[in-house]
Amino acid sequence: MLTLGYVEMGEELQVLEVFTVLLIYVPSAVLLLTHTVMYYVGRKHREEGRAKRAFNDRITVAIPVRNEPIEYIDEALASISSWSIRDLIEVVIVSDDIYEAYQEIERVAKKWRDQGVTVYVIWRREPRGYKAGALNTALWFSPSRYFYVMDVDSRVAEDFIVEACSLMEENPGIAAVVSRWRGRNRETRVAEAVSSSMEFMVEALYRGRRALNLPVFPLGTGTVYRTSVLREELGGWDENRLLDDLEIGCRIMRLGRGIAYMDRHWVYVEVPRRLSSLRIQQERWVYGAVDVAIARLRDILSSSQPWYAKLEALIYLLQYLPAIAVFIGFLLLTLITTIKPYDVLFNYWYIGVAWIAVAALYALSFIDSLREKGYSTWKALVNLGRASAITVVLSPVFAKAFLKASLRLRAVFKRTPKGRYEARASNAKLRFPVEALIGIYALVYSIHLITNRILFCGGWFLTYSLGYIYSLIRWWRDIVYR
């Protein structure tokens with residue numbers, strides 16, 4: 001007999017029930033609450049302006065490239081050429097491309113050399129070590145005192161470079177300075193959702209960290225390093241790690257050196273326009289973050305940071321885990337309700353209510369952050385919904401990447417498609433549309449449960465299916481094609 005109440009069950013099934021409920025609610029509640037608290041704490045600690053000072057140190061701008069649109073490289077050099085400090089800049093482009101592409105890059109570099117920009121192009125005949133290997137090549141080539149990592153699609157004002165180097169000059173204990181990320185493009189629903197989420201996440205995680213005196217992680221582009229720390233104290237980047245920024249951040253933490261964050265300066269980065277491009281990026285980021293958490297756990301634990309700072313650093317590295325936990329909870333809840341149809345979530349309704357309260361607080365902080373940047377309440381709410389749908393639909397990809405990293409299986413480095421490479425949808429190959437099948441199954445199963453008066457579980461499955469269904473309607477081509 002189907003009922004909303006408690007049903008007698010075996011001890012094993014009861015343990016599985018509790019585990020599933022906790023898996024669905026607790027990890028995501030902890031993450032949402034952490035981000036909410038950090039956002040509101042960070043709001044109270046605004047960064048004050050710094051007095052400008054004369055600056056004469058040389059800076060290396062390292063630009064690692066592989067299969068990047070040539071026009072992006074041209075635009076990046078044009079941006080650097082416009083800086084008033086360009087005579088202090090040495091650009092080192094490290095190319096992991098085929099020889100013909102390298103020659104094209106060299107032609108663009110020569111054009112800007114003729115206009116007074118100091119730019120070198122290094123071609124790696126045998127690329128190794130992911131992006132970290134390219135950065136090490138530039139690092140050992142560089143004679144400069146400071147080292148700035150720049151992606152071809154990012155843009156930063158020279159004021160950040162000057163102030164970051166000045167800050168390190170005044171504070172010998174600082175190893176690096178990070179600027180604030182902001183999306184350059186918002187022309188598609190995916191791009192707008194990612195850009196708006198970036199506004200909130202960076203504000204919460206970086207401004208909040210600075211306010212709480214927690215360790216700050218470098219960002220892949222938009223970080224100025226002290227070259228001597230990279231070379232002499234760290235020996236460069238670890239070429240076995242996929243994410244260079246998180247890896248080097250853990251080792252800087254172990255050294256006891258600080259990483260400063262400047263909230264007033266933005267680095268503008270190109271965000272994916274398509275769900276398929278975002279899927280490639282996020283799979284790499286999830287794998288890389290979990291890989292770093294495992295490989296650099298000893299560095300974090302042996303650092304001089306207090307226990308809560310170490311815990312927060314691990315939460316940051318494992319920030320994709322809540323979405324994965326919900327996906328696993330979805331599979332387990334399906335299994336439980338198939339074995340013995342009863343309303344599992346009704347028995348633990350109070351945990352669900354607590355989660356809803358935490359999610360509401362998070363939504364309010366997200367909306368507050370975007371309203372401050374000119375979004376209407378409705379537009380902020382729409383982008384929160386889109387971002388949530390994207391997170392849900394990518395959770396199987398997160399789970400796959402998490403499993404591969406946990407099993408220490410080597411990943412293939414795939415760059416996020418940009419420019420003309422991102423636009424080539426007609427040549428894409430078909431893929432197994434697992435997200436479509438999950439979404440349709442969750443929707444049909446929710447209707448089955450609701451019609452059988454298993455209302456709480458049915459409502460949860462219905463809500464969970466919406467992210468998949470929305471994504472299937474909006475971005476069906478990116479779900480069907482690679």
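Biologist: In which loop does R453 lie?

Modeller: R453 lies in the loop between α17 (434-451) and α18, where helices (H or I, at least four residues) and strands (E, at least two) are DSSP runs numbered from the N terminus. This is a predicted model, in which local features need pLDDT of at least 70, side-chain atom pairs count only at pLDDT 80 or more, and totals for chains, interfaces and linings use all residues. Residues are numbered from 1 along each chain as its sequence is written, and side-chain values use heavy atoms, with hydrogens and water left out.

Biologist: Why is R453 called exposed?

Modeller: Buried means under 20% relative accessible area, exposed over 50%, and partly exposed in between (1.4 Å probe, protein chains only); the relative accessible area of R453 is 56%, so R453 counts as exposed. Its phi is near 65°, a positive value in a residue other than glycine.

Biologist: Why is V353 called partly exposed?

Modeller: V353, which lies in helix α14, has a relative accessible area of 45%, and because this value falls between the 20% and 50% limits, V353 is partly exposed.

Biologist: What makes E312 buried?

Modeller: E312, in helix α11 (residues 307-317), has a relative accessible area of 8%, which is under 20%, and therefore E312 is buried. Leaving aside neighbours within four places in sequence, E312 is in contact (heavy atoms within 4.5 Å) with M38, R209 and L214.

Biologist: Why is α4 said to be largely enclosed by the rest of the structure?

Modeller: Nine of its 12 residues are buried, so the helix is largely enclosed. Those buried residues, among them Y130, L135 and L139, pack against β1 (59-65), β2 (89-95), β4 (146-149), α7 (227-233) and α8 (244-255).

Biologist: How do you know how far residues 1-8 can be read?

Modeller: The predictor's confidence in each residue is its pLDDT, from 0 to 100, and over residues 1-8 pLDDT stays under 50. Where pLDDT is low, the predicted coordinates should not be read in detail. For the protein, the mean pLDDT is 90, and 94% of its residues reach 70 or more.
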